[in-house]
Amino acid sequence: MLPQKHRATDSRVAVIGSGISGLSAAWLLSRSRRVTLYEADHRPGGHANTYDVITPGGPVAVDTGFIVFNDRNYPELVSLFGHLGVSTQLSDMSFAASLDGGRFEYSGSGLKGLLGQRSNVLRPDFWRMIADILRFYRQAPSILIERNHDNETVGSFLERAGYSDSFINNHLLPMGAAIWSTTAAQMREYPLLAFIMFFERHGLLSLVDRPRWRTVTGGSRTYVERLLEDFDGEVRLSTPVARVRRRDRGVEVTDANGAPTRLMMS
């Protein structure tokens, strides 16, 4: 049960950053505290960012950061959306790759998707990629219970374990890059255990019984707007925080312009 808005005290709270964590914390705290939300960017939302792409059928909302969620991994987010009345819908969540200007293409949506580029049937490196996908799915869960991978990266493990270049460069690294919004080269330096833990928890190592992914109707900007509509506090956009200092009975927050704000506890 979420608390109703009230002012139990005169305590002031600063929340730095308006991504989903900061925004939801500020929203909930504003029920009982005077909250100031700082955001360095000119817009709120952080990773949640939606653009309208004009198509012949009309504008389509496209998210560049937060895209999908599921009730298995995000029960509190589901509850938040339900409380705010944020509409969601099922998403056809899949992975596809087009590499080297279309030289090599496939998707993970069944056999037709894998063989969407018919020449894949004749490519030995394609079949080696498929074999290594199945091998990785079998091997990855056991890595989480082993004791010798704490400091290993994704790239060093794949090379040491003898995975094919096709699996590494045409599948796993591009998929990781798509998930974490980074480059395939940077995914090589990602911590192995964190990588596999994410895949395991989100059902990406299973061929069956995967979670059902949903997306926010109208784009992730919708839940940002709903949180702000229900937020009883002050939002300071384009205001990066330079320093936070402890003071007697509170803290002092100084923004990049040098303007201090004293936050006192009641």
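**Exercise 1.** Determine how helix 4 and helix 6 pack against each other.

*Solution.* Step 1: the axes of helix 4 (residues 124-143) and helix 6 (residues 165-180) cross at roughly 70° and come within 8 Å. Axes are lines fitted to C-alpha atoms, for helices over the stretch in contact, and angles run from 0 to 180 degrees between N-to-C directions. Helices (H or I, at least four residues) and strands (E, at least two) are DSSP runs, numbered from the N terminus.

Step 1: helix 4 and helix 6 are therefore roughly perpendicular to each other. The classes are roughly parallel under 35 degrees, roughly antiparallel over 145, roughly perpendicular from 65 to 115, and oblique for the rest.

Step 2: helix 4 and helix 6 make a right-handed crossing. A crossing is right-handed if the near helix is turned clockwise from the far one by less than a right angle, and left-handed if anticlockwise.

Step 3: helix 4 contributes Asp-125, Phe-126, Met-129, Asp-132, Ile-133 and Phe-136 to the contact, and helix 6 contributes Ser-166, Phe-167, Asn-170, His-171 and Leu-172. Contact means heavy atoms within 4.5 Å. Six of the residues in this contact are nonpolar, three polar and two charged. Here Ala, Val, Leu, Ile, Met, Phe, Trp, Tyr, Cys and Pro count as nonpolar, Asp, Glu, Lys and Arg as charged, and the others, Gly among them, as polar.

The model is predicted: local features need pLDDT of at least 70, side-chain atom pairs count only at pLDDT 80 or more, and totals for chains, interfaces and linings use all residues. Residues are numbered from 1 along each chain as its sequence is written, and side-chain values use heavy atoms, with hydrogens and water left out.

**Exercise 2.** Describe the packing of helix 1 and helix 9.

*Solution.* Step 1: the axes of helix 1 (residues 20-29) and helix 9 (residues 221-229) are 9 Å apart, at an angle of about 25°. The two helices are therefore roughly parallel to each other, and helix 1 passes helix 9 in a left-handed crossing.

Step 1: on helix 1, Ile-20, Leu-23, Ser-24 and Trp-27 meet Tyr-223, Val-224, Leu-227 and Leu-228 of helix 9. This contact of helix 1 with helix 9 comprises seven nonpolar residues, one polar and no charged.

**Exercise 3.** Characterise the pairing of strand 3 with strand 4.

*Solution.* Strand 3 (residues 50-55) and strand 4 (residues 58-63) run antiparallel and share six bridges. A hairpin of two residues joins them. Ile-54 stands opposite Pro-59, and Thr-50 opposite Asp-63.

**Exercise 4.** Which parts of the chain does the salt bridge of Arg-188 and Glu-159 tie together?

*Solution.* The side chains of Arg-188 and Glu-159 meet at 3.3 Å, N to O. A salt bridge is a side-chain nitrogen of Lys or Arg within 4 Å of a carboxyl oxygen of Asp or Glu. Arg-188 lies in the loop between helix 7 (184-187) and helix 8 (192-201) and Glu-159 in helix 5 (residues 154-160), so the pair ties together parts 29 residues apart in sequence.

Key: Two strands pair if DSSP finds at least two bridges between them.
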